[in-house]
Amino acid sequence: MRFSGKRAVVTGGASGIGRATALRLAEEGADVWIGDIDEAAGQDLAATSNGKISFRRCDVTEADDIRTLMEAADSAGGLDVLFNNAGAGGAPEKIDEISPEDWDRTQSLLLRSVALGIRYAAPLMAKRGGGAIVNTSSVSALGTGYAPTAYSTAKAGVLHLSKMAAADLAKINVRVNAVIPGFITTNIFTRHLEVPEEQRERANQIIAQVAAKAQPVARAGRPEDIAAAVAYLLSDEAGFVTGTHLVVDGGITIGTRPSWDPEQPGLFAALESFL
Ligand code: NAI
């Protein structure tokens with residue numbers, strides 16, 4: 001019960017990583033406000049939470065929506081912890097093809113939203129004597145090949161913003177960290193597809209199969225894996241942790257799994273079988 005008596009805000013809390021984190025924080029005692037554009041899923045989650053989770057429609061590309069979400073938690077007794085997490089895949093084009101508008105839209109959704117979340121939450125946390133913030137970055141902030149350019153650049157921005165904000169806000173006792181998820185099976189990969197539900201389900205199954213083999217740890221990443229890391233970073237147990245990031249990726253950033261997977265033999269095993 002690390003969040004007993006605390007109030008939390010989670011953006012993108014209606015699905016995937018945000019939903020799992022809202023549930024985890026509520027389980028550990030927090031009263032949680034989730035903000036999302038998916039009203040049906042957000043209200044469903046709130047309805048089954050025994051009053052621990054409240055939903056507010058919040059489009060994180062709108063500054064006023066973010067501000068009023070933070071104020072909702074504050075007016076119920078004070079905002080203690082924030083998970084800036086809402087997001088989507090962003091513009092898929094490469095840098096020599098992307099339009100200025102698509103670039104701006106992606107940065108607004110993934111980077112400006114996080115900056116504004118911190119902007120509006122920090123003064124409210126200061127009134128309480130401090131607080132903690134976690135921002136969702138991505139393995140795509142650390143290298144190429146994971147996600148499109150506009151998305152990856154925004155996520156790298158989130159990583160650096162977390163450090164800058166940690167330095168700015170230490171004086172008011174607000175800690176800021178980032179979480180770096182690897183390949184996590186959520187709806188993010190199929191949400192944008194305009195296909196019948198059946199086909200979306202099939203696509204989700206294929207993604208789950210690929211996810212199970214994408215990294216050294218021999219299973220797919222789950223939203224709950226990230227929720228556990230976020231709960232730690234938001235809790236007082238991480239009281240001396242600020243301006244850094246926690247990579248939760250099943251080892252995807254250290255490489256593939258040729259050392260033990262016969263289906264991915266790696267260079268030397270491939271050479272051996274050839275000779
Ligand atoms: P998801 O699609 O399951 O959840 C994202 C949530 O954000 C949805 O409920 C969606 O309605 C909401 N959302 C989208 N645009 C919004 C907006 N303008 N305002 C408010 N809410 C909005 O996806 P997932 O995977 O849980 O994504 C959560 C975060 O994790 C995102 O920032 C994503 O970029 C990041 N991430 C996900 C990874 C993965 O493999 N699933 C890997 C690395 C990072």
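A residue counts as buried when its relative accessible area is under 20%, and as exposed when that area is over 50%. Keep those two cut-offs in mind while reading this predicted model.

E6 covers residues 174-181. It is mostly covered, with 8 of its 8 residues buried. Look at how the side chains are arranged. Val174, Val176, Ala178 and Ile180 point one way from the strand. Arg175, Asn177, Val179 and Pro181 point the other way. Both sets are buried.

What runs alongside E6? Strand E5 (131-136) is one partner. The two strands run parallel and are joined by 6 bridges. Within this pairing, Thr136 stands opposite Val179 of E6. Together, E5, helix H5 and E6 make a β-α-β unit, and that unit is right-handed. Strand E7 (residues 245-248) also pairs with E6 in the parallel sense, over 4 bridges. Here Ala178 has His245 of E7 as its bridge partner.

Asn173 lies in it, between H5 and E6. The phi of Asn173 is near 65°, a positive value in a residue other than glycine.

Now go back towards the start of the chain. Strand E2 takes up residues 31-36. Because 5 of its 6 residues are buried, E2 is largely enclosed by the rest of the structure. Strand E1 (residues 7-11) pairs with E2 in the parallel sense, over 5 bridges. Thr11 has Gly35 of E2 as its bridge partner. Between these strands the chain passes through helix H1 (residues 16-27), and this β-α-β crossover is right-handed.

E2 also pairs with strand E3 (residues 53-57). These two strands run parallel and are joined by 5 bridges. The chain gets from E2 to E3 through helix H2 (residues 39-47), in a right-handed β-α-β crossover.

The loop between H2 and E3 holds Asn50. Asn50 has a positive phi of about 55°, although it is not a glycine. Is Asn50 buried or exposed? Its relative accessibility is 76%. That is over the 50% cut-off, so Asn50 counts as exposed.

Next, turn to the open spaces. The largest pocket holds about 1,100 Å³ of space. It is lined by 44 residues, and the closest to its centre are Gly87, Ala88, Gly89, Tyr151 and Ile188. The largest share comes from H1, with 3 residues. By class, the lining has 20 nonpolar, 19 polar and 5 charged residues.

The second largest pocket holds about 290 Å³. Of its 18 lining residues, the closest to the centre are Gly130, Gly131, Asn173, Arg175 and Asp236. Two of these names have come up already. Asn173 belongs to the loop between H5 and E6, and Arg175 is among the buried residues of E6. E5 and E6 each supply at least two residues of this lining. Its residues divide into 7 nonpolar, 6 polar and 5 charged.

The largest cavity holds about 40 Å³. Thr11, Val60, Asn84, Asn85, Ala86, Ser113, Val114 and Gly117 line it. Thr11 is also the bridge partner of Gly35 in the pairing of E1 with E2. H4 gives the most to the cavity lining, with 3 residues. The lining has 3 nonpolar residues, 5 polar ones and no charged ones.

Finish on helix H4, where Trp103 lies. Its relative accessible area is 25%. What does Trp103 touch, leaving aside its neighbours within four places in sequence? It is in contact with Ile95, Ile98, Thr149, Ala150 and Thr153. Trp103 and Val139 are 36 residues apart in sequence, and their C-alpha atoms are 20 Å apart in space.

Technical notes
Residues numbered from 1 in each chain as written. Predicted model: local features only at pLDDT ≥ 70, side-chain atom pairs only at ≥ 80, totals over all residues. Heavy atoms only, no water. Buried < 20%, exposed > 50% of the residue type's maximum accessible area, 1.4 Å probe, protein only. Pairing = 2+ DSSP bridges. Right-handed = clockwise from strand over helix to strand, strands pointing away. 1 Å grid on protein atoms, 1.4 Å probe; cavity = no way out; pocket = protein on both sides within 12 Å on 5 of 7 lines; lining within 4 Å. Points joined across faces, edges and corners; volume = space filled by probe spheres on them. Nonpolar A, V, L, I, M, F, W, Y, C, P; charged D, E, K, R; others polar. Contact = heavy atoms within 4.5 Å.
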